[in-house]
Amino acid sequence: MRSLLVVSVLLLAHLEPHISRAAEPRPQTILILDQGENRGPFYNRVLAAFRAVVDEQPSPATIYSESLDLNRFGGPVYEDSWRVHLGTKYRDRPIGVLVAIGSAALSYTLHLRAALWPGVPVAFSFVDEQTVAHLTLPSDVTGIIAQLHFADMMKAARAVVPNLKRVAILGDSLSSQTGFSHFVEEIPRATEGVELVDLTGRALRDVRSEVAALPDHTAILYTAIHANGEGAYLTPGDALALVAERANSPIVGSVETNIGRGSIGGYVLIPEVIGREAAGLALKILRGEPVTGIKNSNAAAVRPIFDWRQLQRFGIDESRLPPASEVRFRQVSIWERYQWQMAAVATALVFQTTLIVNLLSAHRRRRAAEIDARGRLMELAHLNRHAVTGDMSASIAHELNQPLGSILTNAQTAELLLTSDEPNVEEIRAIVADIKRDDQRASEVIKRLRGFLTKTSFEPQDIDINETIREVLRFLSDQAGARHVSLNSELTPKNVVVRGDRIQLQQVVLNLILNGMDSITDSTGETRKISIATTVRDERTVIVSVIDSGRGIPEDVLQRIFEPFFTTKKNGMGMGLSITRTILQAHGGHIWADTPIEGGAAFRFELPLRKV
């Protein structure tokens, strides 16, 4: 019983430090030990992804990192130097979790932890299965297995080299490579059926010569070269670029950072995935999750990625690539690059073309409608002229009867003179001159009437509006005399030229004067006159006024006087003023009516001048 008590006391004494350490909050600090060197893009991107995940946390942990550069250095002395250096550097910096990036880094971390950070948990990433199986890992060590299998590189080689017959392995000696040493165990099985050309561990100068003379149906599998074999060190990406300059076969790569440096691509390791998953595991441990409960896992850090430019160089059809392959540096066509913009432009062009076609069609329809309307206007105007002429038939007959009667009288007189014994030749000559004059007068009346009644197309020309008014006044002189109406004109002394159809403008003036005569005839006033005046305004328009002394226009009639079929006459059709307005609108003018203070009615219309 006593011996049992002693054992229990000793056991509690041994466990007390561990129990108290477990109860204490873990320091929020991370020390990363990666097996690369600080110039390499692969490990730099691993660390950048790691830091990005940690910095996203509400209370970011403190991160320390050390690059062990184990691809170029190693051995007990080198490890001892790191032990002294890290012990001194982090003597006053408590560490919450150690993170090892790479298989070689994991071995170093376990050795250093025993001396510098006993009891601090370890999280690892980018470690191959063989290393995890060979090491006896303590319970407080867990991590993520992320490795590229040599079989994946062979799968990519068969995709980019049809009828693959041989592979040339290129890089440092596999046993000295920290990231691909496990290839030594995988190569024999993965290369069954193809010839193997081992170019590992050779001087870079020799390698460049060898890859330039490889036989057909060969693929080059590149791991990493850190030295040129002549005493100079360089990054794996720089070495790859030098090899690619001379290589006559596709180079299958191993890491994503070599895409674009001469590698055609393949199944490659993605550094960002390794960094993010390692950060997630480290944060779990810092939050207090028991390490013993976190099992080792496999990262999805290998993906098929290829360089489009290298595919084109070696004539590789993309259909041969593995499923879900990503192709980078593709030189897309203008349509592929700007497909949405070009689709929008094409849509706009189609819409614009459709709109233009519709507008042209509408323009043709409108033009046809205008021509049809103008034709109907001419028909109406022609009918109106016939109606006006019919109303004036008595006056026209009277106007023709005067010269014809005079001709008859002169002819009879000449006949009597000719039957006399001594005809007076001078008197006969004077009679013939009178007959000639009367004949010309009758001919002029008929000519004016024919011109007024002629049905012609709309023929715009330069017209002196004053002369047009004078022609109408001559035409209506007998009509006005028969109605005892005085026609007065006050025309501007200048030539007032407008652009229009002479017959139609004559009809406008004729309608307005006849309308005034009708108004005066129906009036009981003593003054019976019509005044026609022209006025030039701003040297751009001419205003023609027709003012009568008739009964005037009532206010209610004034609002509707230009409407079709509206009339105040017993026998009127209500088309004269409507046709007048339509004719003026076709000439770019307009008409209005008002009642002057002195009485009567005033009609005024305005036309644009061609020149003054």
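Among contacts (heavy atoms within 4.5 Å) linking residues at least 6 apart in the chain's sequence, 72% connect residues at least 24 apart. This is a predicted model, where local features need pLDDT of at least 70, side-chain atom pairs count only at pLDDT 80 or more, and totals for chains, interfaces and linings use all residues. Residues are numbered from 1 along each chain as its sequence is written, and side-chain values use heavy atoms, with hydrogens and water left out.

**Overall make-up**
- You get 19 helices and 20 strands in the chain; these are DSSP runs numbered from the N terminus, with helices being H or I of at least four residues and strands E of at least two.
- Of the 612 residues, 45% are buried (under 20% relative accessible area, 1.4 Å probe, protein chains only).

- An open sheet takes 6 strands in the order 2-1-3-4-5-11, with parallel pairing (a pair needs at least two DSSP bridges).
- Its edges are strand 2 (62–67) and strand 11 (297–298), each pairing on one side only.
- Strand 5 (residues 141–145) pairs with strand 11 over 2 bridges, and I145 has N298 of strand 11 as its bridge partner.

**Helices on the sheet**
- Helix 2 (residues 41–55) lies across strands 1 (29–34), 2, 3 (97–101) and 4 (122–127), at about 165 degrees to strand 1 (axes are fitted to C-alpha atoms, for helices over the stretch in contact, and angles between N-to-C directions run from 0 to 180 degrees).
- Helix 3 (residues 76–89) also packs on the sheet, touching strand 1 and strand 2, and makes about 160 degrees with strand 2.

**Helix 19**
- In helix 19 (residues 576–586), the buried residues are L577, S578, I579, T580, I583 and L584.
- G588 follows helix 19 with a positive phi, near 80 degrees.

Note on methods. Buried means under 20% relative accessible area, exposed over 50%, partly exposed in between (1.4 Å probe, protein chains only).
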